Every structure is written in structure tokens, then in C-alpha cells.
Amino acid sequence: MSNRQHQYAARLVWDGNAGQGTASYQNYRRDYHLELAGKPDLSGSADPLFRGSPDRYNPEDLMLAAVSACHMLSYLALCARHGISVLAYEDEARATLALLPNGAGRFEEFVLHPRVRIADCADAAMALDLHDAAHQQCFIANSCSAPIRHQPIIETA
């Protein structure tokens, strides 16, 4: 198999100049919008803990969403390839961010709680096992240094 690369591009525009730029830490907004060709803009900000707008997505939200969505998409593809009919999938994903004394921070872990409903109870063991394979194939998980755990629940119709 050849090593193929795919390129992605995004344009980030800061919307937070309240008149004097960043002349004062307290007086600028952390708001921005993200533009990706052919897709709706995404409005973002910092987490409210860091003076951001609570009604906008923050980078931490997006990181957790990316981890959860990538796992789900990898999992659904594997189920389809193994003949397992997934009827519903939900995830109550959680992440822990540690703030460091120097002002930096890092995610310490991600925990996914996928609840999957499948059509045939005979597929339950395989459906459970495929979460491990999905984790191994997930592009986002393969790019993260923080551990990602999953605690799936498999239900049958």
C-alpha cells in the first residue's frame, strides 16, 4: 500500500477586536470564525474560563468532538465491513484538561461512552470487540498524545 497524503485547509479569522486590539488582556474578545471551503462557518471562542464567549465552540470542545466523531466513523465503517447492522449510536464523551502552573495546559485523557444498538444479538461480542479496532484505526486517536479510553455499551433491537 502506498503512503498517500491528504491535505486540509482552514482559514481562521479573529473577530475579537473591540476597538483597541489586544492593548489590554481584559478588553478584547476571544471570538473567531473558522472558514472551510464549501462548508458553513463555525463560530468559536476561548473557553469561558479563559474569558471566552460561552455560546461559541471552543478548541477544547472541538478536540473532544473530533475524538468522539472519529471513533464513531471508524467503528461504523468496521461494523459495515463485518456485516454488523448498527441501528443507533450515541456517545457521552468526556475529557479532562489539566492546567499547568506556567499557564499552559494539556488533555490528560479522553473517555468515550458509546451506546450502540445493533440489529442482531448474535453480533454483540464482535460489535463490542470492534471498538478496539476502531480506536486503532481512528486518525484523530493516532494523532493524540493523551490516552483515549472507551467504555461501550452494546444493545440489541
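**Entry 1: Arg51 and what surrounds it**

I began with the side chain of Arg51, which in this predicted model reaches the backbone oxygen of Gln26 at 3.1 Å. I then looked up what else Arg51 touches, leaving aside residues up to four places away in sequence, and found Tyr25, Gln26 and Arg30. For Arg29, I looked up the separation of C-alpha atoms instead: those of Arg51 and Arg29 are separated by 7.6 Å, although the two residues are 22 residues apart along the chain.

As for its place in the chain, Arg51 lies in the loop between β3 and α1, the latter being residues 59-81.

**Entry 2: The sheet**

I found an open sheet of three strands, in the order β1-β2-β3, and the pairing is antiparallel. Which strands stand at the edges? I noted β1 (11-14) and β3 (42-44), each of which has a single partner strand, so one side of each is left without a neighbour in the sheet. From one strand to the next, I recorded a twist that averages 25°.

**Entry 3: β2 against β3**

Lastly I looked at how β2, residues 32-35, is joined to β3, and I counted three bridges in the antiparallel sense. Within this part of the sheet I looked up His33, which stands opposite Ser43 in β3.

Methods:
Residues are numbered from 1 along each chain as its sequence is written. This is a predicted model: local features need pLDDT of at least 70, side-chain atom pairs count only at pLDDT 80 or more; totals for chains, interfaces and linings use all residues. Side-chain values use heavy atoms; hydrogens and water are left out. Two strands pair if DSSP finds at least two bridges between them. Helices (H or I, at least four residues) and strands (E, at least two) are DSSP runs, numbered from the N terminus. Axes are lines fitted to C-alpha atoms, for helices over the stretch in contact, and angles run from 0 to 180 degrees between N-to-C directions. Contact means heavy atoms within 4.5 Å. A polar contact is a pair of N or O atoms within 3.5 Å; within protein, one must be able to donate a hydrogen and the other to accept it, and residues adjacent in sequence count only if both atoms are side-chain atoms.
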